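Subject: The two-chain model

Hi,

Here is the model I promised to send over.

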Amino acid sequence: MIPALALAVGVVLGLLVEPVVPLWLQPYLPIAVVAALDAVFGGIRARLDGIFDSKVFVVSFVSNVLVAALIVFLGDKLGVGAQLSTGVVVVLGIRIFGNAAAIRRHLLRA
Amino acid sequence: MRGEHAEGAPDPLVQRALELRGEARTRHRPQLGVMSTSLLNELMTYHLDSGYAAAAGRPKDRSPAARRKARVVLAVGLLLLGFVLAAAYRGTIRQAPDSERARQALVRDVQNGSALGDALQRRAETLSGQLVRERDAALTTSQAGDQVAAQVRRLEGAAAQRPVHGPGIAVVIGDAAAADQVDPATGQRIAVPADDNGRLRDRDLQGLVNALWAAGAEAIAVGGQRLAPTTTIRAAGEAILVDLRPVQSPYTIEAVGDPDTLLPRFADSDAARRFQSYTGLYGIRFTVRESTELRLRAATGPELRYASSVPSPTVSPAVSPAVSPAVPPAGSSAAAPSPAAPSSFAPGSVAPSPSAPGGGS
(Lines give C-alpha, C1' and ligand atoms only; values in the text may rest on other atoms or scores of the structure.)
Protein backbone atom coordinates (compact mmCIF):
# COMPACT_ATOMS: atom_id res chain seq x y z
CA MET A 1 0.00 0.00 0.00
CA ILE A 2 2.62 2.48 1.08
CA PRO A 3 4.98 1.60 -1.81
CA ALA A 4 2.18 2.03 -4.34
CA LEU A 5 1.31 5.35 -2.76
CA ALA A 6 4.94 6.45 -2.87
CA LEU A 7 5.17 5.51 -6.55
CA ALA A 8 1.99 7.42 -7.34
CA VAL A 9 3.22 10.46 -5.42
CA GLY A 10 6.51 10.28 -7.32
CA VAL A 11 4.73 10.16 -10.66
CA VAL A 12 2.40 13.03 -9.72
CA LEU A 13 5.34 15.07 -8.45
CA GLY A 14 7.24 14.47 -11.67
CA LEU A 15 4.23 15.53 -13.72
CA LEU A 16 3.39 18.58 -11.64
CA VAL A 17 6.85 19.93 -10.92
CA GLU A 18 7.86 19.60 -14.60
CA PRO A 19 11.51 19.33 -13.78
CA VAL A 20 13.61 20.98 -16.43
CA VAL A 21 16.19 18.40 -17.37
CA PRO A 22 19.45 20.25 -17.94
CA LEU A 23 20.89 19.91 -21.41
CA TRP A 24 24.01 18.07 -20.30
CA LEU A 25 21.85 15.51 -18.51
CA GLN A 26 19.54 14.80 -21.40
CA PRO A 27 21.57 12.07 -23.13
CA TYR A 28 21.46 10.05 -19.91
CA LEU A 29 17.72 10.31 -19.31
CA PRO A 30 16.73 7.45 -21.66
CA ILE A 31 19.40 5.27 -20.09
CA ALA A 32 18.15 6.17 -16.62
CA VAL A 33 14.62 5.24 -17.66
CA VAL A 34 15.70 1.85 -18.97
CA ALA A 35 17.72 1.21 -15.83
CA ALA A 36 14.73 2.21 -13.71
CA LEU A 37 12.45 -0.14 -15.61
CA ASP A 38 14.98 -2.93 -15.11
CA ALA A 39 14.96 -2.27 -11.36
CA VAL A 40 11.15 -2.30 -11.31
CA PHE A 41 10.86 -5.63 -13.11
CA GLY A 42 13.64 -7.11 -11.00
CA GLY A 43 11.86 -5.96 -7.85
CA ILE A 44 8.52 -7.41 -8.91
CA ARG A 45 10.10 -10.71 -9.79
CA ALA A 46 12.00 -10.85 -6.51
CA ARG A 47 8.77 -10.12 -4.71
CA LEU A 48 7.05 -13.03 -6.46
CA ASP A 49 10.04 -15.25 -5.78
CA GLY A 50 9.70 -14.30 -2.13
CA ILE A 51 13.19 -12.88 -1.80
CA PHE A 52 12.37 -9.16 -2.17
CA ASP A 53 14.53 -6.82 -0.15
CA SER A 54 13.77 -3.12 -0.19
CA LYS A 55 17.36 -2.10 0.39
CA VAL A 56 18.61 -4.22 -2.49
CA PHE A 57 15.84 -2.82 -4.64
CA VAL A 58 16.65 0.82 -3.96
CA VAL A 59 20.39 0.33 -4.14
CA SER A 60 20.13 -1.62 -7.38
CA PHE A 61 17.90 1.03 -8.87
CA VAL A 62 20.15 3.95 -7.95
CA SER A 63 23.36 2.16 -8.84
CA ASN A 64 21.96 0.89 -12.13
CA VAL A 65 21.01 4.39 -13.13
CA LEU A 66 24.35 5.79 -12.08
CA VAL A 67 26.46 3.05 -13.66
CA ALA A 68 24.50 3.18 -16.90
CA ALA A 69 24.89 6.95 -17.01
CA LEU A 70 28.59 6.64 -16.21
CA ILE A 71 29.14 4.13 -19.00
CA VAL A 72 27.40 6.37 -21.47
CA PHE A 73 29.30 9.40 -20.20
CA LEU A 74 32.61 7.61 -20.66
CA GLY A 75 31.48 6.44 -24.07
CA ASP A 76 30.63 10.00 -25.03
CA LYS A 77 34.08 11.14 -23.99
CA LEU A 78 35.74 8.31 -25.91
CA GLY A 79 33.61 8.71 -29.00
CA VAL A 80 31.60 5.50 -28.64
CA GLY A 81 28.66 6.97 -26.73
CA ALA A 82 25.99 5.84 -29.17
CA GLN A 83 27.34 2.28 -29.28
CA LEU A 84 27.61 2.04 -25.51
CA SER A 85 24.09 3.42 -25.13
CA THR A 86 22.94 0.64 -27.42
CA GLY A 87 24.91 -1.85 -25.37
CA VAL A 88 23.35 -0.68 -22.12
CA VAL A 89 19.88 -0.79 -23.60
CA VAL A 90 20.45 -4.29 -25.00
CA VAL A 91 21.77 -5.73 -21.73
CA LEU A 92 19.09 -4.11 -19.60
CA GLY A 93 16.47 -4.98 -22.19
CA ILE A 94 17.41 -8.67 -22.05
CA ARG A 95 17.14 -8.54 -18.27
CA ILE A 96 13.79 -6.80 -18.44
CA PHE A 97 12.43 -9.41 -20.80
CA GLY A 98 13.84 -12.27 -18.73
CA ASN A 99 12.30 -10.90 -15.56
CA ALA A 100 9.03 -10.19 -17.31
CA ALA A 101 8.98 -13.82 -18.49
CA ALA A 102 9.60 -15.02 -14.94
CA ILE A 103 6.81 -12.76 -13.65
CA ARG A 104 4.52 -14.15 -16.31
CA ARG A 105 5.34 -17.71 -15.28
CA HIS A 106 4.59 -16.80 -11.69
CA LEU A 107 1.31 -15.12 -12.38
CA LEU A 108 -0.10 -17.18 -15.23
CA ARG A 109 1.74 -20.47 -14.63
CA ALA A 110 2.55 -20.55 -18.28
CA MET B 1 27.74 -14.09 -6.62
CA ARG B 2 27.93 -13.79 -2.86
CA GLY B 3 25.33 -16.50 -2.44
CA GLU B 4 27.72 -19.09 -3.86
CA HIS B 5 29.82 -19.75 -0.84
CA ALA B 6 26.80 -20.08 1.42
CA GLU B 7 26.09 -23.41 -0.27
CA GLY B 8 24.96 -26.10 2.11
CA ALA B 9 23.94 -23.63 4.80
CA PRO B 10 20.87 -24.75 6.76
CA ASP B 11 19.03 -21.43 6.41
CA PRO B 12 15.77 -22.18 4.54
CA LEU B 13 15.81 -18.82 2.80
CA VAL B 14 19.22 -19.54 1.38
CA GLN B 15 17.99 -22.94 0.31
CA ARG B 16 15.07 -21.28 -1.40
CA ALA B 17 17.23 -18.75 -3.16
CA LEU B 18 19.65 -21.40 -4.31
CA GLU B 19 16.86 -23.65 -5.43
CA LEU B 20 15.52 -20.83 -7.52
CA ARG B 21 18.88 -20.30 -9.07
CA GLY B 22 19.40 -23.98 -9.60
CA GLU B 23 16.04 -24.23 -11.30
CA ALA B 24 16.90 -21.33 -13.45
CA ARG B 25 20.19 -22.96 -14.29
CA THR B 26 18.81 -26.32 -15.27
CA ARG B 27 15.67 -25.10 -16.90
CA HIS B 28 16.71 -22.01 -18.73
CA ARG B 29 20.37 -22.39 -19.41
CA PRO B 30 20.63 -22.16 -23.14
CA GLN B 31 22.46 -24.91 -24.90
CA LEU B 32 25.24 -22.80 -26.27
CA GLY B 33 28.07 -24.12 -28.33
CA VAL B 34 31.73 -24.19 -27.45
CA MET B 35 32.08 -20.69 -28.79
CA SER B 36 29.83 -19.22 -26.18
CA THR B 37 31.40 -17.10 -23.53
CA SER B 38 30.50 -17.17 -19.90
CA LEU B 39 29.55 -13.52 -20.13
CA LEU B 40 26.83 -14.18 -22.71
CA ASN B 41 25.75 -17.26 -20.79
CA GLU B 42 25.41 -15.20 -17.67
CA LEU B 43 23.50 -12.54 -19.53
CA MET B 44 21.02 -14.99 -20.99
CA THR B 45 20.56 -17.01 -17.80
CA TYR B 46 20.46 -14.73 -14.79
CA HIS B 47 18.07 -11.89 -15.12
CA LEU B 48 17.52 -11.18 -11.48
CA ASP B 49 19.90 -8.94 -9.66
CA SER B 50 22.13 -11.25 -7.68
CA GLY B 51 21.77 -8.89 -4.74
CA TYR B 52 18.37 -10.35 -3.95
CA ALA B 53 19.75 -13.85 -3.54
CA ALA B 54 22.60 -12.52 -1.46
CA ALA B 55 20.25 -10.55 0.75
CA ALA B 56 18.02 -13.58 1.13
CA GLY B 57 21.05 -15.50 2.33
CA ARG B 58 21.76 -13.06 5.14
CA PRO B 59 19.97 -13.46 8.47
CA LYS B 60 17.08 -11.06 8.49
CA ASP B 61 16.43 -8.47 11.13
CA ARG B 62 12.74 -8.84 11.86
CA SER B 63 12.47 -6.10 14.50
CA PRO B 64 9.75 -3.47 13.95
CA ALA B 65 12.36 -0.74 13.65
CA ALA B 66 14.17 -2.54 10.87
CA ARG B 67 10.92 -3.23 9.05
CA ARG B 68 9.90 0.40 9.29
CA LYS B 69 13.28 1.42 7.97
CA ALA B 70 12.97 -0.98 5.07
CA ARG B 71 9.57 0.43 4.29
CA VAL B 72 10.87 4.01 4.32
CA VAL B 73 13.77 3.06 2.09
CA LEU B 74 11.37 1.38 -0.32
CA ALA B 75 9.01 4.36 -0.31
CA VAL B 76 11.83 6.79 -1.03
CA GLY B 77 13.14 4.54 -3.79
CA LEU B 78 9.77 4.22 -5.44
CA LEU B 79 9.17 7.95 -5.11
CA LEU B 80 12.44 8.57 -6.90
CA LEU B 81 11.59 5.98 -9.53
CA GLY B 82 8.18 7.44 -10.24
CA PHE B 83 9.73 10.87 -10.42
CA VAL B 84 12.34 9.78 -12.97
CA LEU B 85 9.77 8.08 -15.16
CA ALA B 86 7.34 10.99 -15.00
CA ALA B 87 10.11 13.51 -15.63
CA ALA B 88 11.26 11.56 -18.68
CA TYR B 89 7.69 11.39 -19.92
CA ARG B 90 7.14 15.08 -19.39
CA GLY B 91 10.43 15.97 -21.03
CA THR B 92 9.63 13.86 -24.06
CA ILE B 93 6.15 15.18 -24.67
CA ARG B 94 7.19 18.71 -23.95
CA GLN B 95 10.03 18.69 -26.43
CA ALA B 96 8.57 16.87 -29.40
CA PRO B 97 5.20 18.62 -29.59
CA ASP B 98 6.81 22.03 -29.14
CA SER B 99 8.71 21.83 -32.38
CA GLU B 100 5.83 19.97 -34.00
CA ARG B 101 3.34 22.61 -32.89
CA ALA B 102 5.49 25.44 -34.18
CA ARG B 103 5.90 23.63 -37.48
CA GLN B 104 2.16 23.01 -37.77
CA ALA B 105 1.40 26.65 -37.06
CA LEU B 106 3.89 27.78 -39.68
CA VAL B 107 2.52 25.33 -42.23
CA ARG B 108 -0.99 26.57 -41.53
CA ASP B 109 0.11 30.18 -41.92
CA VAL B 110 1.76 29.42 -45.23
CA GLN B 111 -1.27 27.52 -46.48
CA ASN B 112 -3.64 30.29 -45.43
CA GLY B 113 -1.42 32.88 -47.03
CA SER B 114 -1.15 31.09 -50.34
CA ALA B 115 -4.88 30.28 -50.37
CA LEU B 116 -5.59 33.97 -49.86
CA GLY B 117 -3.10 34.84 -52.58
CA ASP B 118 -4.75 32.38 -54.96
CA ALA B 119 -8.20 33.77 -54.21
CA LEU B 120 -7.03 37.32 -54.81
CA GLN B 121 -5.28 36.23 -57.98
CA ARG B 122 -8.46 34.60 -59.26
CA ARG B 123 -10.45 37.68 -58.38
CA ALA B 124 -7.96 39.91 -60.15
CA GLU B 125 -8.16 37.69 -63.23
CA THR B 126 -11.95 37.79 -63.24
CA LEU B 127 -11.96 41.53 -62.84
CA SER B 128 -9.40 42.14 -65.54
CA GLY B 129 -11.30 39.81 -67.87
CA GLN B 130 -14.39 41.86 -67.17
CA LEU B 131 -12.39 45.01 -67.74
CA VAL B 132 -11.15 43.81 -71.10
CA ARG B 133 -14.67 42.93 -72.22
CA GLU B 134 -16.08 46.25 -71.09
CA ARG B 135 -13.29 48.17 -72.69
CA ASP B 136 -13.50 46.32 -75.98
CA ALA B 137 -17.23 46.89 -76.05
CA ALA B 138 -16.67 50.57 -75.43
CA LEU B 139 -13.92 50.90 -78.02
CA THR B 140 -15.45 48.95 -80.90
CA THR B 141 -18.14 51.56 -81.33
CA SER B 142 -15.79 53.66 -83.43
CA GLN B 143 -12.96 53.35 -85.96
CA ALA B 144 -10.47 55.19 -83.79
CA GLY B 145 -11.59 53.04 -80.89
CA ASP B 146 -10.80 49.92 -82.87
CA GLN B 147 -7.30 51.13 -83.50
CA VAL B 148 -6.83 51.91 -79.85
CA ALA B 149 -8.26 48.55 -78.89
CA ALA B 150 -5.87 46.77 -81.24
CA GLN B 151 -2.97 48.73 -79.83
CA VAL B 152 -4.04 47.97 -76.30
CA ARG B 153 -4.34 44.28 -77.13
CA ARG B 154 -0.89 44.25 -78.66
CA LEU B 155 0.61 46.04 -75.69
CA GLU B 156 -1.18 43.80 -73.27
CA GLY B 157 0.06 40.74 -75.09
CA ALA B 158 3.58 42.04 -74.88
CA ALA B 159 3.14 42.87 -71.22
CA ALA B 160 1.55 39.46 -70.55
CA GLN B 161 -1.52 41.11 -69.12
CA ARG B 162 -3.88 38.95 -71.14
CA PRO B 163 -4.41 35.18 -71.06
CA VAL B 164 -3.18 33.51 -74.22
CA HIS B 165 -3.58 30.14 -75.84
CA GLY B 166 -2.05 28.50 -78.82
CA PRO B 167 0.37 25.84 -79.98
CA GLY B 168 3.73 25.56 -78.32
CA ILE B 169 6.08 23.33 -76.37
CA ALA B 170 6.21 22.26 -72.76
CA VAL B 171 9.59 21.68 -71.18
CA VAL B 172 9.60 19.61 -67.99
CA ILE B 173 12.80 19.75 -66.03
CA GLY B 174 13.31 18.28 -62.58
CA ASP B 175 15.95 17.74 -59.94
CA ALA B 176 17.84 14.49 -59.96
CA ALA B 177 15.96 11.82 -58.03
CA ALA B 178 16.99 11.46 -54.42
CA ALA B 179 19.49 8.66 -54.19
CA ASP B 180 18.92 6.06 -51.52
CA GLN B 181 21.85 5.65 -49.22
CA VAL B 182 22.37 3.10 -46.49
CA ASP B 183 23.09 4.49 -43.08
CA PRO B 184 26.29 2.79 -41.89
CA ALA B 185 25.18 2.65 -38.24
CA THR B 186 21.58 1.49 -38.48
CA GLY B 187 21.52 -0.18 -41.89
CA GLN B 188 18.39 1.73 -42.76
CA ARG B 189 17.91 3.25 -46.16
CA ILE B 190 17.74 6.98 -45.91
CA ALA B 191 16.63 9.28 -48.67
CA VAL B 192 19.40 11.73 -49.39
CA PRO B 193 18.46 14.88 -51.22
CA ALA B 194 20.13 15.13 -54.55
CA ASP B 195 23.55 16.67 -54.23
CA ASP B 196 24.23 20.14 -55.48
CA ASN B 197 25.05 19.01 -58.99
CA GLY B 198 21.68 17.36 -59.44
CA ARG B 199 19.63 20.24 -58.11
CA LEU B 200 18.38 22.91 -60.45
CA ARG B 201 19.06 26.52 -59.63
CA ASP B 202 17.31 29.69 -60.62
CA ARG B 203 19.93 30.35 -63.28
CA ASP B 204 19.09 27.02 -64.95
CA LEU B 205 15.48 28.09 -65.34
CA GLN B 206 16.62 31.52 -66.48
CA GLY B 207 18.82 29.93 -69.13
CA LEU B 208 16.00 27.75 -70.44
CA VAL B 209 13.53 30.62 -70.46
CA ASN B 210 15.99 32.81 -72.35
CA ALA B 211 16.58 30.00 -74.84
CA LEU B 212 12.81 29.77 -75.38
CA TRP B 213 12.52 33.52 -75.92
CA ALA B 214 15.41 33.31 -78.35
CA ALA B 215 13.71 30.42 -80.14
CA GLY B 216 10.74 32.63 -80.82
CA ALA B 217 8.37 31.99 -77.93
CA GLU B 218 5.67 34.62 -77.65
CA ALA B 219 4.47 33.82 -74.16
CA ILE B 220 6.06 31.72 -71.45
CA ALA B 221 4.84 30.41 -68.11
CA VAL B 222 7.04 28.71 -65.52
CA GLY B 223 5.21 26.45 -63.11
CA GLY B 224 1.94 28.11 -64.14
CA GLN B 225 3.30 31.61 -63.50
CA ARG B 226 3.13 33.69 -66.64
CA LEU B 227 6.27 35.64 -67.33
CA ALA B 228 5.79 39.36 -67.82
CA PRO B 229 8.62 41.64 -68.92
CA THR B 230 9.32 42.53 -65.30
CA THR B 231 8.95 39.02 -63.87
CA THR B 232 11.97 37.68 -62.05
CA ILE B 233 13.17 34.14 -61.66
CA ARG B 234 15.36 34.09 -58.65
CA ALA B 235 16.43 31.98 -55.72
CA ALA B 236 15.57 32.51 -52.07
CA GLY B 237 17.59 30.00 -50.14
CA GLU B 238 16.77 26.58 -51.60
CA ALA B 239 13.54 27.71 -53.22
CA ILE B 240 13.12 29.14 -56.69
CA LEU B 241 10.71 32.03 -56.93
CA VAL B 242 8.96 33.00 -60.14
CA ASP B 243 7.28 36.36 -59.80
CA LEU B 244 7.87 36.03 -56.05
CA ARG B 245 5.87 32.82 -55.87
CA PRO B 246 7.67 29.56 -55.13
CA VAL B 247 7.72 26.85 -57.78
CA GLN B 248 8.73 23.29 -57.15
CA SER B 249 10.57 20.60 -59.02
CA PRO B 250 9.70 19.27 -61.53
CA TYR B 251 9.34 22.63 -63.21
CA THR B 252 7.08 22.90 -66.23
CA ILE B 253 8.00 25.63 -68.66
CA GLU B 254 5.28 26.25 -71.22
CA ALA B 255 5.98 28.39 -74.23
CA VAL B 256 3.54 29.43 -76.91
CA GLY B 257 5.04 30.11 -80.30
CA ASP B 258 5.22 29.16 -83.95
CA PRO B 259 4.88 25.36 -83.94
CA ASP B 260 7.11 25.00 -87.00
CA THR B 261 10.14 26.82 -85.69
CA LEU B 262 9.88 26.90 -81.89
CA LEU B 263 10.77 23.28 -81.18
CA PRO B 264 13.61 22.90 -83.70
CA ARG B 265 15.18 26.19 -82.71
CA PHE B 266 14.87 25.44 -79.03
CA ALA B 267 16.21 21.88 -79.45
CA ASP B 268 19.16 23.36 -81.29
CA SER B 269 19.93 25.91 -78.58
CA ASP B 270 22.92 25.69 -76.28
CA ALA B 271 20.76 25.48 -73.18
CA ALA B 272 18.69 22.56 -74.44
CA ARG B 273 21.77 20.63 -75.47
CA ARG B 274 23.45 21.38 -72.18
CA PHE B 275 20.49 20.11 -70.16
CA GLN B 276 20.20 17.08 -72.42
CA SER B 277 23.76 16.17 -71.50
CA TYR B 278 23.02 16.86 -67.82
CA THR B 279 20.38 14.14 -67.84
CA GLY B 280 23.10 11.57 -68.34
CA LEU B 281 25.68 13.39 -66.27
CA TYR B 282 23.71 14.30 -63.15
CA GLY B 283 20.45 12.40 -63.58
CA ILE B 284 18.19 15.41 -63.88
CA ARG B 285 14.85 15.11 -65.65
CA PHE B 286 14.53 16.95 -68.92
CA THR B 287 11.76 16.34 -71.41
CA VAL B 288 10.39 18.50 -74.17
CA ARG B 289 7.08 17.80 -75.81
CA GLU B 290 5.04 19.57 -78.39
CA SER B 291 1.52 20.67 -77.65
CA THR B 292 -1.15 21.87 -80.02
CA GLU B 293 -2.99 23.89 -77.42
CA LEU B 294 -1.44 25.53 -74.41
CA ARG B 295 -3.34 27.90 -72.17
CA LEU B 296 -1.35 30.47 -70.26
CA ARG B 297 -3.05 32.80 -67.86
CA ALA B 298 -2.28 36.48 -67.53
CA ALA B 299 0.59 37.62 -65.40
CA THR B 300 -0.12 39.63 -62.31
CA GLY B 301 -0.27 43.28 -63.13
CA PRO B 302 2.60 45.56 -62.28
CA GLU B 303 2.44 46.93 -58.82
CA LEU B 304 1.69 50.64 -58.93
CA ARG B 305 3.63 52.60 -56.36
CA TYR B 306 3.11 56.18 -57.45
CA ALA B 307 0.41 56.10 -60.09
CA SER B 308 -3.22 56.21 -59.12
CA SER B 309 -6.21 56.08 -61.39
CA VAL B 310 -7.93 59.29 -62.38
CA PRO B 311 -11.23 59.67 -60.62
CA SER B 312 -13.99 59.80 -63.16
CA PRO B 313 -17.19 61.72 -62.48
CA THR B 314 -19.39 59.16 -64.18
CA VAL B 315 -18.05 56.14 -62.33
CA SER B 316 -20.47 54.90 -59.76
CA PRO B 317 -18.99 54.52 -56.27
CA ALA B 318 -19.39 50.76 -56.40
CA VAL B 319 -15.65 50.21 -56.58
CA SER B 320 -14.33 48.93 -53.31
CA PRO B 321 -11.04 50.54 -52.37
CA ALA B 322 -9.57 47.18 -51.34
CA VAL B 323 -9.69 45.92 -54.89
CA SER B 324 -8.45 48.82 -56.91
CA PRO B 325 -4.74 48.60 -56.07
CA ALA B 326 -4.62 44.96 -57.16
CA VAL B 327 -6.00 45.41 -60.64
CA PRO B 328 -4.21 46.86 -63.65
CA PRO B 329 -4.17 50.62 -64.33
CA ALA B 330 -7.59 50.89 -65.88
CA GLY B 331 -9.07 48.70 -63.21
CA SER B 332 -10.86 51.30 -61.19
CA SER B 333 -13.50 51.70 -63.82
CA ALA B 334 -13.79 48.00 -64.52
CA ALA B 335 -16.16 47.09 -61.78
CA ALA B 336 -18.59 49.78 -62.76
CA PRO B 337 -20.51 48.80 -65.88
CA SER B 338 -20.34 52.23 -67.47
CA PRO B 339 -18.75 51.92 -70.92
CA ALA B 340 -18.80 55.67 -71.35
CA ALA B 341 -16.02 56.18 -68.86
CA PRO B 342 -12.68 54.77 -69.93
CA SER B 343 -10.95 56.66 -67.20
CA SER B 344 -7.26 56.22 -67.59
CA PHE B 345 -6.39 55.79 -71.22
CA ALA B 346 -6.82 58.46 -73.86
CA PRO B 347 -10.43 59.34 -73.31
CA GLY B 348 -10.14 62.21 -75.76
CA SER B 349 -9.30 60.02 -78.71
CA VAL B 350 -12.42 57.98 -78.33
CA ALA B 351 -14.99 60.63 -77.64
CA PRO B 352 -14.85 62.95 -80.69
CA SER B 353 -16.17 60.48 -83.24
CA PRO B 354 -19.37 59.04 -81.88
CA SER B 355 -21.00 59.01 -85.29
CA ALA B 356 -18.52 56.67 -86.92
CA PRO B 357 -20.00 53.24 -87.57
CA GLY B 358 -18.69 50.60 -85.20
CA GLY B 359 -16.68 48.03 -87.05
CA GLY B 360 -16.83 44.53 -85.69
CA SER B 361 -13.25 43.40 -85.41
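Which residue stands opposite Glu254(B) in S9(B)? That place belongs to Ala221(B).

Before the rest, some housekeeping. This is a predicted model, where local features need pLDDT of at least 70 and side-chain atom pairs count only at pLDDT 80 or more, while totals for chains, interfaces and linings use all residues. Residues are numbered from 1 along each chain as its sequence is written, and chains are lettered from A and ligands numbered from 1 in the order in which they are written.

Helices, H or I of at least four residues, and strands, E of at least two, are DSSP runs numbered from the N terminus.) S4(B) runs antiparallel to strand S9 (residues 251–257) of chain B, with five bridges joining them. Strands count as paired if DSSP finds at least two bridges between them.

S4(B) also pairs in the antiparallel sense with strand S5 (residues 225–226) of chain B, over two bridges. Val222(B) has Gln225(B) in S5(B) as its bridge partner. The two strands make a hairpin with two residues between them, and Gly223(B) in the turn has a positive phi of about 55°.

**A three-stranded sheet**

Chain B also has an open sheet of three strands in the order S6-S7-S8, with antiparallel pairing. At its edges are strand S6 (233–236) and strand S8 (245–247) of chain B, each of which pairs on one side only. From one strand to the next, the twist averages 45°. Strand S7 (residues 239–242) of chain B is joined to S8(B) by three bridges in the antiparallel sense, and Val242(B) has Arg245(B) in S8(B) as its bridge partner. Helix H6 (residues 202–214) of chain B packs on this sheet, touching S6 and S7 of chain B, and its direction makes about 175° with that of S6(B). (Axes are lines fitted to C-alpha atoms, for helices over the stretch in contact, and angles run from 0 to 180 degrees between N-to-C directions.)

**Chain by chain**

Chain B has nine helices and 10 strands, and 24% of its 361 residues count as buried. Chain A has four helices and zero strands, and 35% of its 110 residues count as buried.

Helix H3 of chain A (residues 54–78) has 25 residues and reaches 36 Å from its first C-alpha to its last, close to the 36 Å expected at 1.5 Å a residue; the expected span is 1.5 Å times one less than the number of residues. Among the buried residues of H3(A) are Phe57(A), Phe61(A), Asn64(A), Val65(A) and Ala68(A). Just after this helix, Gly79(A) takes a positive phi of about 85°.

**Where the chains meet**

The contact takes 41 residues from chain A and 32 residues from chain B. (Two residues are in contact if their C-beta atoms, placed from the backbone, lie within 7 Å.) On the chain B side, H4(B) gives the most, with 20 residues. By class, that side has 23 nonpolar, five polar and four charged residues. Here Ala, Val, Leu, Ile, Met, Phe, Trp, Tyr, Cys and Pro count as nonpolar, Asp, Glu, Lys and Arg as charged, and the others, Gly among them, as polar.

**Cores**

The largest nonpolar core has 42 residues, and those with the most contacts inside it are Ala32(A), Ala35(A), Ala36(A), Leu81(B) and Val84(B). (A nonpolar core is a set of buried Ala, Val, Leu, Ile, Met, Phe, Trp, Tyr and Cys residues joined through C-beta atoms within 7 Å.) H4(B) supplies the largest share of this core, 12 residues. Leaving aside neighbours within four places in sequence, Ala35(A) is in contact with Asn64(A), Val65(A), Ala68(A) and Leu92(A). Apart from that core lies another, of 35 residues, including Leu205(B), Ile220(B), Ile233(B) and Ile284(B).

Cheers

How values were computed. A residue is buried if 20 or more other C-beta atoms lie within 10 Å of its own, exposed if 12 or fewer, and partly exposed in between; C-beta atoms are placed from the backbone.
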